[in-house]
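Biologist: I'm new to this structure. Could you take me for a close look at the place where the two chains meet?

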Amino acid sequence: MKCDEVGAKLSALLDGELPPEEEKNILRHVKVCKKCSTEYRDLKNLEYIMKKVQLPDLPDAVWDEHWSQVYNRLERSVGYVLLSLGFIILLGYLIFWTVNCWFCDATIPIIIRVGVGLGSLGIVILIVSTVREKILMRRFDQYKELQR
Amino acid sequence: MSSNHQSIVADVEAAREESDLIRRSARGDKEAFGVLYKLFAPRVYGVVYGIVMHHETALDITQLTFVRVWKALPRFKQGSPFFPWIYAIARNRALSEIAKRKNKPSVLELDERIAGEDETHDKHVELKEDIGRALAKLTPEHREVIILRHFQFLSYQEIAESLGCPVGTVMSRLHNARKAMKALLKGWEDDA
């Protein structure tokens, strides 16, 4: 086995991540190769000193407070879904009722029906356009889900 | 009963409890999700802090990650490791955050774990600061892989799942990261 073939496998050897057969081959090479044995020893030393430190931890109180913010956020999202569903049902019924009872009512002059119809269409277009703009803006806002 | 056997039994129990919490959370049980949160949020925070090197930003990203985890939980494949899955959700935001940042911190804050018998407190503090400075000098990708291996003790397979890359890539990236650390901590390695 050549040193080039060993390379990153020295790290895997240190971490016990090699299959048994390969581990044996690499160990055999490390025993006879000065360059690789020095590199392996350096890796072991690095692991030794890294064991003396750890990532910082925060007190439990921080996580309790943090969780309550996440919880509120989750709870609110259920509220938004229910509100939207209710709104969609009501809107659907309103459209059905308007078309059925109002636009088809021959007793109302056609000019009024056309005027109200165009006005309603305009309002729908404005709402759709505004909602679409908001959605597009939200997509690029990295902190949209953040509750501060 | 040997202590080894007891530790295996405890690990199995913990895994069973964890998978029960995941299942309940996926069904909408917020109480179970709260327990999961308290188990995993500090770990997610730790790794994200290791990448962005800023406490407030790391907390913000942790919060966003768990809101996403809640929404994505029904799609989680039961039985697969949970932490790599959560971390995969957190990492894109963490990496894009550090890429945006103009003034990168020059040191990563760390805590002391264990001191060698022959080591003074001052020397241990100095070592901690030097490791923090060395980690801060690495690329975010190298720092990430060092943190996942050395501080979160993930296997190569778990790291690969977290990063969405092959195990071979993890192996070479970790090796290169260690070589960079080794060069940055030259004096300390000789002392080890």
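**Where the chains meet**

Modeller: Chain B brings 58 residues to the contact and chain A brings 45, where contact means heavy atoms within 4.5 Å. Please keep in mind that this is a predicted model, with local features needing pLDDT of at least 70 and side-chain atom pairs pLDDT 80 or more, while totals for chains, interfaces and linings use all residues. Residues are numbered from 1 along each chain as written, chains are lettered from A and ligands numbered from 1 in written order, and side-chain values use heavy atoms, without hydrogens or water.

Leaving aside residues up to four places away in sequence, B:Phe33 touches A:Trp67 and A:Leu74 in chain A, and B:Ser25, B:Phe66, B:Val69, B:Trp70 and B:Leu73 in chain B. B:Phe33 also belongs to the largest nonpolar core, which has 81 residues (buried Ala, Val, Leu, Ile, Met, Phe, Trp, Tyr and Cys joined through side-chain atoms within 4.5 Å; buried means under 20% relative accessible area, with a 1.4 Å probe and protein chains only). B:Phe33, B:Phe66, B:Phe82, B:Ile131, B:Leu135 and B:Met181 have the most contacts inside that core. Helix α2 of chain B, residues 30–52, supplies the largest share of the core, 13 residues (helices are DSSP runs of H or I, at least four residues, numbered from the N terminus).

How values were computed: Buried means under 20% relative accessible area, exposed over 50%, partly exposed in between (1.4 Å probe, protein chains only). Helices (H or I, at least four residues) and strands (E, at least two) are DSSP runs, numbered from the N terminus.
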